[in-house]
Amino acid sequence: MTTKTEVPSPFCGIGTDDLVLNVDGKSINVLANGCAINTPAFEQAIGDIVPRVNGKEVAIEDAVAQAADILKTSHQTLIGGCATDVNGMRALVSLADHNGAVVDNIAFNTTRRNILALQDSGWMTTTLAEVKNRCDLLVVIGTDLEEVSPRFFEHFIWNESPMFLEAGAQCKVIYLGKEPSGQSAVSPAGVRPQVLPCADEDLPEVVAVLRALVKGNNISHYEVDGLALTDLQALAGQLKGAVYGVVTWSAGSLDFPHAELTVQVICELVKDLNGKTRCSGLPLGGSDGDQTANQVTAWLTGYPARLSFAKGFPEYDPYLYDGQLLLENKEVDALLWVHDFNSKALPPEGVVPTIVIGRSGMHFEKEPAVFIPVGTPGIDHCGHAFRMDGIVAIRLQKLRESGLPSTAEVLTLIDQAL
Amino acid sequence: MIIKLTGGMVYDPANNVNGKALDIYIKNDRIVSKQEVTQVDQEIDLRGKIVMAGAIDIHTHVGGGKNNIARILLPEDHRSDPVAATELTRSGTGRALPSSYVTGYRYAEMGYTSVFEPAVLPVNARQAHMEMGDIPILDKGGYVLMGSDDYFLQMMTAKKDQQAINDYVAWTLNATKGIGVKVVNPGGINAFKFNQRQLDLDENNQFYNVTPRDILSVLAIAVKELGISHPLHVHGCNLGVPGNKDTTLSTIEGIGGLSMHLTHIQFHSYGVEGDFKFSSGATEIAEAINKNKNITVDVGQVMFGQTITASGDSMKQHANHKHASPNKWVCMDIECDAGCGLVPFKYRDQNFVNALQWAIGLETFLLVEDPWRIFLTTDHPNGAPFTSYPHLIRLLMDRSFRNDMLKTIHPEAQKMTTLDTIDREYSLQEIAIMTRAGAAKLVGLENRGHLGVGAWADITVYTPDDNREKMFEKPDYVFKDGELVVRDGEIVHIKWGTTHIVTPEFDSGIEKDLAKYFSRHMTMKMGNFKISNDEITEDGRNTLTVQPTQRGIL
């Protein structure tokens, strides 16, 4: 039995790296600093280790050969999931390049809300260490932050010694939209966050009014979707008065039509504030390899992770290459599903032959044509993953000898067999 | 494998060979003497051809987070330049910031064999190395950006002694696998986080009470005392600001004879004369460079067309965002370490400022006398994409072509430049100095950038052509470490280069305080911050090459 300290996590998106684990053979126990996301993800027992073809256990060579056969006869392959580490994504893009596949990250429909805003007008953002040391006002929009990121407040807001806040001063926290579900936004001194509640579908209007107020425009209503204008005026004033305000949101939580427009208004509001003071956006995300997928495809192709190699070169379209729609419209005839992190992240069920490169322990309603169980980066093999801020890559460690191959190894074998 | 390159006209300034017909023998990956060769496996007749070492780009943004943000920001730019896969090569996209494979192919196709990323943020170094790890054929390396991180500035305020600074610089270089030290708007990226919008050379970072001049001096001394070959690589104060030539002159004066490389000097050579209060300071700047032998520069030439500016200088990039074309831009504060800003630019020949920027760059090239101290860059992609180098070389080598181009730019800009009075034309030997021999010397690469016995066989062969653009854009042969990778301007073989680093010594006792700092204030543990060798080499393609420091290899 060995105890490992300072273990980084690819699961939670914030790159937590203070986990203390016990590794006993193949079993892992989180001893300290776990959370609702990381603890089960690390502690999950290994499931299957033998690949299957049509439900029958086979040697990996046979599974790879069968996968290659499916891909070779496919006229248009979809590679879905795309939840893996950097080397996994490198191998995945290489295979897609040779096969002419569509590549679509599982989280892209939510990430798209940010990417469309970025590609249309840009943004000003910050990273976690800046938040930890400078943030004197945190505005959380439309997001139950502790559900998305259980240790966010503990790690980055309730610090003993932020470098640039006055002694004893603490960050003020304001929720706009969803209310916090737990207590982690309550400061150690017992100060509760201010909450300006509104329904998700009212956020576009509320955020637009907030931006108008920041710009100094007159609003002729006393109430906006149940919120008093004076409260929104006060919030605009707090943002203008903050030394280093941070506005955060999780694209996944902004689940209403054309949420990208609301993201864009948030980003433009932040830019407006920077005319005089400092303020930054902080888009959350980064769990289960979504940032990793976008970063790796960006340097290998120039585009984020929804693209097609069908014409022999990469083409990006945030709507056209939506894997779910391609399946529904029968525009693809084979599915290669890759998910190293979550054994519950199963491929969409459909009629096309399906190859699953998945975290050991997946249970299928409908057995795929090929299933190759793989190890998880950061547990079964080394690797790299990108954190939510897209700038910091973490070095994932190998914690145990599981005998499971990595996704990169399996995809490279399939690539070679093509 | 022995290859004989027969009778090419060799330009090899490091060995004082200036256009002489010579045979070159390649044994495996190195150049050897005739005496070492018993039989020749392959002979290539290069009579009538021009032979130089592989070219080295000392300043080009080819790896790291800001590049990826720039890529994602401009899908329309990539759409205009799709690159299909072949039997041999991977697909990708080109234009202002090409994908990593395309970067490698296109550099190699122009005869380049090494590139150096000039703005590796320590906290982003892992990404920079991963991206550069996907650039085929070329050698690469990075200058690690310091001077705006809070740990360093706290040391400055606390007046820590030079030895402590040296240890921290050396520790950072080791932890992030750099080959040099870069500073961008010294202390200014940090000051912007405190809402300071301007920081002149002798102005205080208002939080730390430290001036850019203090920072430059301390870092330049650190580089010298650590024995790092590459001088402190400086992106100075006031980038792009009219009148900044005075800041630049004062920066040169103030460094007190220490070695210093001033990068993309064109963007720092502006006066305030004329109707538009914007003029060329190139004459004065070039004079100062000519006089101060401790100074080297690269130009950061502007070329007309669409590009994107990608810089660590968040302060100045934010100030420049109103020029964004198309109108979208990104600024980012990063990890109490540094920052970045991405602003798309369309340089127009009929825009007075852009046209004069073009002329200022060329004036600088032509007025700096010593080709060993000036380097050919467009600060890719900031002045223009690197694919414009052959055109730039023609502008330098062909006076009548240059003057023809000059006649097409904004008429007021024509009046404000002395370009048409400058007769100088660069010779092939001077081009070879700027892009090969001098570049290898500046970066501190052993046995690169020359064709003498013992050199790595990075070799480029051209067919002479009066149209130098045509000549330089499509070499006949390019060898990388002795392997033929390009034939007639097209990739014929893929190999993988090495990553050049330095590993200066330091007192490991400093890790005690650093570990505490990381745990207390950063968001990753010190142990997880440091990049291990196997992170770079475990893919089986990439290797690390430790270049010597004057104090020896750790």
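Two strands count as paired if DSSP finds at least two bridges between them, and strands themselves are DSSP runs (E, at least two residues), numbered from the N terminus, as are helices (H or I, at least four). With that in hand, look at Met124(A): Cys331(B) in β18(B) sits opposite. The strands here are β8(A) and β18(B) (residues 329-334), which run parallel and are joined by four bridges.

A few ground rules. This is a predicted model, where local features need pLDDT of at least 70 and side-chain atom pairs need 80 or more, while totals for chains, interfaces and linings use all residues. Numbering starts from 1 along each chain as written, chains are lettered from A in the order written, and side-chain values use heavy atoms, without hydrogens or water.

Now the interface totals:

| Item | Value |
|---|---|
| Residues in contact (heavy atoms within 4.5 Å) | 66 from chain A, 62 from chain B |
| Buried area (accessible area lost, 1.4 Å probe, summed over both parts) | about 5,400 Å² |

As for the salt bridges, Arg387(A) makes one with Glu335(B), with the closest N and O atoms 3.2 Å apart.

On chain A's side, the elements giving two or more residues include α4 (108-121), β15 (278-284) and α3 (86-99). The top contributor is α3(A), with seven residues. Sorted by class, that side has 27 nonpolar residues (Ala, Val, Leu, Ile, Met, Phe, Trp, Tyr, Cys, Pro), 15 charged (Asp, Glu, Lys, Arg) and 24 polar (the others, Gly among them).

Key: Buried area = accessible area lost by both parts, 1.4 Å probe. Salt bridge = Lys/Arg side-chain N within 4 Å of Asp/Glu carboxyl O.
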